[in-house]
Amino acid sequence: MIKINDSLMALIISTSNEIHIINSKTAKVIRSIVIEGNGHFLKKGVILHDSLLLVTDLYADIVYQVNINSSEYIPLINQQLCAPEGIAIYGNMIAICNSGYGIFRYKEPYAGTVLFYDIKTNKYTSVKTGLNPQSMYYSKPSKSWLVLYSHITSMKDSLGGITEIDANSLNPIREHKETFTGRGFYDTSLHILYAISKKGIHHIQSQNSTFKDSLIIPAIIGNQMYGIARNHSNLYILNARNFMVSGQILIYDLLTNRYTYSHEIGINPSKLLFKE
C-alpha cells in the first residue's frame, strides 16, 4: 500500500498485475489499472508526484510510470535492469534494486546492483551491491543510500547485508554483513533504519563517518518477523509465524524494552500503515 496524498492510496496486486487506487477515507476502489499481457509481476512502487506512480515489474525488467488519473502507463526505465524490486526517490534521483530474482538470475548482468536514474540529466549509473538487493533508504545525516540485500537460503555461503553508497559520487563507501531479509523501515524523523535479520530486529544509524548496528529485539524462535513500522515509542512487528497459520501483530515499547500487546491477524502479514 502506497500513500499518494491525504485521501488516496495505491494498492499493488502482484498476482493479477493490477494497481487499485483507493479512497483512504471510504476504503472504496476508485479505479483499477491493469498492466496488460503476459510475463509481468508488479512488485513495489513509489510516488513521483501527486498523479504519477512508479512501479517495478519483476518479470519484465521494467519500471512503469503510471498516471493515476488517466490510468495510462508507459515504460519509464527498461535498461540496465534485472528483476527490479525495491524503488525509492530522493531529489532528482530514482534508485532501483536489481534483485536478480534471488537464486534464479543472480549470474546475469546487472543482478545484485542498484540502478540510479537522474530524472534531470537522464543519466544512468549502475552500482554493485551484495546479492539480492531488496530495498533502499536515503540517509540525510550521512548523505548516503542504505541498500538492504537479503541472504539467499539455498546458497550455502550467502549472507545478507547493507551496502552504503555515497549520494554525491555514487560510490560504495561501506559494506556491512548480516543475515538481513531485505525488509526494513526507515524512520525519517529520527534517521534510524530498523531492519529484520535472522537474529531479530536491528537499530541502524549512519551519520557522518560513523555506522552503528545494534540488535534491539531478539528473534522469536520458530517465527518469522516479516514487517515492521514505528509510531511514537512503539515498534509494530508483523509476525508471519510459519507463513501457513494466522499471523500476529506485536507491539514493542522501545522505552521499557518489552512487548506490550499481541493480536492474531490474517495469514502472512507483510505491511502496516498508520492513518495520519
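Which residues point one way from strand 18, and which the other way? Keep that in mind as you open the model, which is predicted: local features need pLDDT of at least 70, side-chain atom pairs count only at pLDDT 80 or more, and totals for chains, interfaces and linings use all residues. Residues are numbered from 1 along each chain as its sequence is written, and side-chain values use heavy atoms, with hydrogens and water left out.

Start by selecting residues 192-197, which make up strand 18. Strands here are DSSP runs of E, at least two residues, numbered from the N terminus. Ile192, Tyr194 and Ile196 point one way, while Leu193, Ala195 and Ser197 point the other way. All of them are buried, meaning under 20% relative accessible area with a 1.4 Å probe, protein chains only.

Two strands pair if DSSP finds at least two bridges between them. Click on glycine 184 to find its bridge partner, alanine 195. These two strands form a hairpin with 4 residues between them, and histidine 191 in the turn has a positive phi of about 60 degrees.

Now select strand 19, residues 200-207, joined to strand 18 by 5 antiparallel bridges. Here leucine 193 stands opposite isoleucine 204. Strands 18 and 19 also form a hairpin, with 2 residues between them.

For a last stop, visit the open sheet of 4 strands in the order 13-14-15-16, paired antiparallel. Inspect strand 14 (residues 144-149) and strand 15 (residues 161-166), paired over 6 bridges; tryptophan 145 has isoleucine 165 as its bridge partner.

Notes
Buried < 20%, exposed > 50% of the residue type's maximum accessible area, 1.4 Å probe, protein only.
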